Amino acid sequence: LNKLQDALKNQGELDLLPSPIKEKDDVIVFNSVKKLLTDALNKNQYLRRLEVQQVKDMVECMYERTYQQGEYVIKQGEPGHHLFVLADGKLDVYQHNKLLTSISVWTTFGELAILYNCTRTASVEAVSNVRTWALDREVFHNIMRMTAEARHEQYRNFLRRSVLLPLLPGDKLTKIVDCLEVEYYNKEDYIIREGEEGNTFYIIANGKVICNILPSVCLGKAVELSCRHHVQELKIITENVFLYNCTDEDGVECLVIDRETFSQTVGTFDELKKYLQSYVDSLARDDKKRNANINVLDTYFLNIS
Ligand code: CMP
């Protein structure tokens with residue numbers, strides 16, 4: 001924006017513009033800068049999983065920092081205070097004084113020390129006068145923390161509406177929420193492969209998956225599961241061999257928990273079965289579910305009951 005204003009001023013044009021037009025131009029330039037910053041954050045491989053709102057909040061909090069030719073923007077081994085996007089000029093990246101690469105304009109850098117709380121992994125030197133947009137470490141972490149808290153609440157509410165987990169006591173549910181990790185799968189990825197060892201319990205948070213189940217287990221049907229269903233690696237609880245393939249449709253977000261954590265938070269299979277006994281009983285009473293409308297969850301619980 002400053003550069004554009006300088007350019008206009010040099011041409012004597014800015015003063016000639018009526019102020020509403022100047023303001024309108026400011027808004028247009030600001031919006032295009034925001035778009036460039038958003039794209040720069042989104043295309044960074046370590047920041048790719050940020051949510052839309054997180055990126056939006058971060059962009060709103062970024063501010064300009066300039067560096068003179070020859071100055072270090074970042075020094076290897078020092079603690080990191082900012083994450084940057086290069087807006088103008090040339091930067092070189094060095095590790096132990098060895099040139100690694102140059103950074104192109106509208107690229108994010110300095111994200112590693114901020115994300116992983118480590119010291120700077122490389123030095124970044126200004127080859128020319130440089131203009132960057134910076135985000136302070138505290139602001140980055142505040143945005144991440146606020147979202148984590150909101151997410152925690154969102155997952156809790158989500159799990160309360162899921163198929164099985166509301167049957168667990170509240171404290172168990174909270175522990176599960178604390179331990180959940182999020183995994184993303186692209187279209188046609190396999191989430192679970194038939195025959196592989198299962199150590200993970202999956203809950204579909206977003207998207208749909210197709211389960212191709214062994215014919216003997218589920219009447220030879222491919223079963224479609226969607227949001228809030230559990231794609232369970234059944235061996236996690238039962239050691240039963242119960243195998244299926246899952247291929248997602250349009251990209252899937254799963255909440256996952258591993259076997260060890262599951263055992264620590266929910267307890268043994270016997271404990272789990274006790275909590276779910278009413279569900280198992282209700283299935284046993286429901287002939288329809290046992291026959292024509294059988295689905296993978298029912299099959300499983302019929303199995304274990
Ligand atoms: P950080 O470790 O916070 O500070 C130095 C930055 O240089 C680092 O984050 C990355 O953004 C960047 N960086 C480190 N190694 C490389 C590399 N091999 N190629 C490109 N950029 C790098």
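Modeller: A residue is called buried if 20 or more other C-beta atoms lie within 10 Å of its own, exposed if 12 or fewer do, and partly exposed in between, with the C-beta atoms placed from the backbone. Helices (H or I, at least four residues) and strands (E, at least two) are DSSP runs that are numbered from the N terminus. Residues are numbered from 1 along each chain as its sequence is written. This is a predicted model, in which local features need a pLDDT of at least 70 and side-chain atom pairs count only at pLDDT 80 or more, while totals for chains, interfaces and linings use all residues.

Colleague: How many residues of strand S10 are buried?

Modeller: Strand S10 runs over residues 200-206, and the strand is mostly covered. For comparison with the chain as a whole, 25% of its 305 residues count as buried. In S10, the number of buried residues out of seven is six.

Colleague: With which strand does S10 pair, and over how many bridges?

Modeller: Two strands pair if DSSP finds at least two bridges between them. Phe201 stands opposite Ile257, and Tyr202 stands opposite Val256. The pairing is antiparallel, and the partner of S10 is the strand at residues 252-258, namely S15, over a number of bridges that comes to six.

Colleague: Which residue of S15 stands opposite Glu183?

Modeller: Strand S9, at residues 181-185, also pairs with S15 in the antiparallel sense, over five bridges. In that pairing, the residue of S15 that stands opposite Glu183 is Cys254.

Colleague: In the open sheet that contains S2, S7, S4 and S5, which are the edge strands?

Modeller: The four strands follow one another in the order S2-S7-S4-S5, and their pairing is antiparallel. An edge strand pairs on one side only, and here the edge strands are S2, at residues 72-74, and S5.

Colleague: Is Asn97 buried or exposed?

Modeller: Asn97 is found in the loop between S4 and S5, and has a positive phi of about 65° although it is not a glycine. Because Asn97 has 7 other C-beta atoms within 10 Å, this residue counts as exposed.

Colleague: In the sheet formed by S1, S8, S3 and S6, what is the order of the strands?

Modeller: The sheet is open, and the pairing of its four strands is antiparallel. Its order is S1-S8-S3-S6.

Colleague: Which helix packs on this sheet?

Modeller: The edge strands of the sheet are S1 (63-67) and S6 (108-109). Strand S1 pairs with S8, at residues 130-136, in the antiparallel sense over five bridges, and the bridge partner of Glu64 in S8 is Trp133. The helix touches strand S3 (82-88) and S8, its direction makes about 45° with that of S8, and its residues are 137-160, which is helix H5.

Colleague: Which elements give two or more residues to the shell around the ligand?

Modeller: A residue is near a molecule if its C-beta atom, placed from the backbone, lies within 6 Å of it. Of the 14 residues around the ligand, Phe109, Leu112, Ala113, Thr121 and Ala122 come nearest. The elements asked for are strand S5 (98-103) and helix H4 (112-116).

Colleague: What is the mean pLDDT of the chain?

Modeller: pLDDT is the predictor's confidence in each residue, from 0 to 100. In this chain 66% of the residues reach 70 or more, while pLDDT stays under 50 over residues 289-305. The mean pLDDT of the chain is 74.

Conventions
Contact = placed C-beta atoms within 7 Å. Axes fitted to C-alpha atoms, helices over the stretch in contact; angles between N-to-C directions.
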